[in-house]
Amino acid sequence: MGKFKEALKDFQQLKRLCPNDPDASRKLKECEKAVQKIKFEEAISVQDSERRSVADTIDYKCIEVDAQYTGARIEGDAVTLDFVKHMMEDFKKQKCIHKRYAYQIVLQARELLKAMPSLVDVAVPDGHHFTICGDVHGQYYDLLNIFELNGLPSEENPYLFNGDFVDRGSFSVEVILTLFAFKCLYPNAMYLARGNHESRGMNKIYGFEGEVRSKLSDIFVELFAEVFCYLPLAHVINGKVFVVHGGLFSTDGVKLDEIRSIDRFCEPPEEGLMCEILWSDPQPQPGRGPSKRGVGLSFGGDVTKRFLEDNSLSLVVRSHEVKDEGYEIDHDGKLITVFSAPNYCDQMGNKGAYIRLTAPELKPDIKTFAAVPHPDVKPMAYANNFMRMFQ
Amino acid sequence: MSDPESSPLPSASASASTPPPPSATCRNCGGPTCRPSPPTPAPWSEVSPPPAYRPNTAAIILSPAINAPTNTAAIILSPVPQPLPVPVAAPPFHFQPPSKRIASLDHLRRFNDSPSARHFLGFVASLSHSVRSRKLSDPLPLHFSPVLTSLVSLLQTLSHWVDQIPPLPHQARYGNPAYRLWHERLSAQLPSLLNPVLSPPGLQAAEVELLPYLLDSFGNATRIDYGTGHETNFAAFLYCLARLDLIKEEDYPALVTRVFVTYLDLMRKLQNTYCLEPAGSHGVWGLDDYHFLPFIFGSAQLIDHKYMKPKSIHNPDILENFSHEYMYLGCVSFVKKAKKGVFAEHSPMLDDISGVAQWSKVNSGLLKMYKAEVLEKVPIMQHFLFGSLIKWE
């Protein structure tokens, strides 16, 4: 829409300069027509949150589970630790859980996530710790390894997964169901932030959609797309550590309240705060520059410093970029990138990392780890290869 | 929201035969952009059955491109075809009636590894490049070559014949027999129409080699059909003219915006008037029933357009107002008029492509796809003709 407004301005200018030029008049008219049409469509369009949700059409309790099903079962309404452990074992053996339980997990996670603000304040009591993980990208076996090394999520061992849970790696369904199951089990011990890959467009191309259609069903594609829109965008630990998937902003003076009040229930827009949260990258030089990705921006250490000062924060933690050691400390120690998918796409040979913060100091304790073997299903096995031609 | 994450592969003017450099990393996410080796079927262990992609009918209707029988894995790994200058043929010439040479995959591979194929594809890429960010009505350089004028005139004559040879009463959906009458006239009169094009001294003899390409550019008279193979013959004809230096690089913008557009208009007229059957169309698994090149050239035209994005094809006002300026929009408009129903259902590939962020990505993707889906397909290339200008090597 912004581009049309630009074009309209051009044509209006042209008309002023050449009032009698019929070609200019015609083009102005055409552009005005197009702009009007878009304005009309925007006016009559229904907000994402008001649209009929596919979730409302699903009653998982009506789904029968055959007696012959030997996988993990949920008895009753609540997800239990036993179920989650059984499910994780099933996943490890490449068995899928019954759709009924998948629905239950996803629908319950949906309720929990929907109720959260766009910026979540996390309080870690003194003496307690908190673990932040970066991109997992469907690498389920490496996720299992993180839980081996650092313990399963629990009230005493809370985690924040900072986006990009799915796509590329071919075990994305297992990853997301595990994370959502822990969210249902321990809502206050499993925090999930949205990444740029928690979106329809990306999932269509980079494999999550294909994997969901294969392992679950088409309805789940819609369901996940909806639930991803409910994922919070930012987390703040003890008012000090600011965690987002991508990075910071194209303007100075952004306050935490502004982020809190973002209406996030939509596909990531092409510009604005929400877009920048999911897409931006830090740069070594000060100031700001265009993003090498073509969306969002690059921001320097001075931007980070000012943002932290403006909001009385001490550290930015973000993900979004693969790093050799699984992490990187930039901007004079004020920004840490954490990436938890080792040997990314089975090719990069990088380590994964996670950050442990212990209250009240919140000094980042970074652990790195190597990739573990996985069954022979290559990354991007479910990707839409047609669309990849156009990337 | 489309994906800017992965970068195009290094686009050196690598020949078709050299494999892409291994482990190129994406400048955006640092992720790999290609596999070190061509994808081979995974040796599945007992534990993991291969990921069976369940073809579900709803999925097929809504997103058949995922199931499309195109060799997309190979295409992704291939570099984007780059513009290449056409090597000008020098006398002495040995013009000969061209003949078909490709009958098998081996032949096809041999062709695609040859300089002929490289230069032909480079020519198509050059034509595309020459109309970047160019509206059809944008002014052309003053000198409009007489060769181009003759070509436009030739095509207009052929178009005029359609008015003179109306369709005959015919029951079937496709294939009006009046087309055969039009085609007979084509065969009879094309030599004389081609004459003014080959005016420089010594080039009349080229007629024997050029004529068959041009004759086979408008469809098949027996089957009353038309497809990308015929379109490729027209491109080959233009390529031969370029090889004879009758068309120079400075003529390319006019070649596309005047000559090719006139050809396209003629073909649409033939398709509509005589109900030409789509030859070898893949239906929903293909880009378009008849054409490929106007999508390539058309996407180039829209590169860096201030407000039109690939998704703009869904805006009827844009289609209505700008189809005459931008070939891509003209093509989409034509398809929407010709086919009933939801666009996403009858043209899912075009619909998928409308989600790409930028026209430059559409253009490079289509160039890759042209190489793989036209130039590397035996059913199309078995009809390709080889003579002294496009050599069989």
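Q: How much of chain A is buried?
A: Buried residues are 58% of the 391 in chain A. Buried means under 20% relative accessible area, exposed over 50%, partly exposed in between, with a 1.4 Å probe and protein chains only.

Q: Where does the model come from, and how is it numbered?
A: This is a predicted model: local features need pLDDT of at least 70, side-chain atom pairs count only at pLDDT 80 or more, and totals for chains, interfaces and linings use all residues. Residues are numbered from 1 along each chain as its sequence is written, chains are lettered from A and ligands numbered from 1 in the order in which they are written, and side-chain values use heavy atoms, with hydrogens and water left out.

Q: How many helices and strands in chain A?
A: 13 helices and 14 strands. These are DSSP runs numbered from the N terminus: helices are H or I with at least four residues, strands E with at least two.

Q: What does the C-alpha trace of chain A span?
A: About 80 × 50 × 40 Å along its principal axes.

Q: Switching to sheets. What order do β7, β8 and β9 take?
A: In chain A they form an open sheet ordered β7-β9-β8, with mixed pairing. Strands pair if DSSP finds at least two bridges between them.

Q: Why is one side of β7 and of β8 without a neighbour?
A: β7 (281–282) and β8 (288–290) of chain A are at the edges, each with a single partner strand, so one side of each has no neighbour in the sheet.

Q: How do β7 and β9 run?
A: Parallel, joined by 2 bridges; β9 of chain A covers residues 297–299. A:Asp281 has A:Ser298 in β9(A) as its bridge partner.
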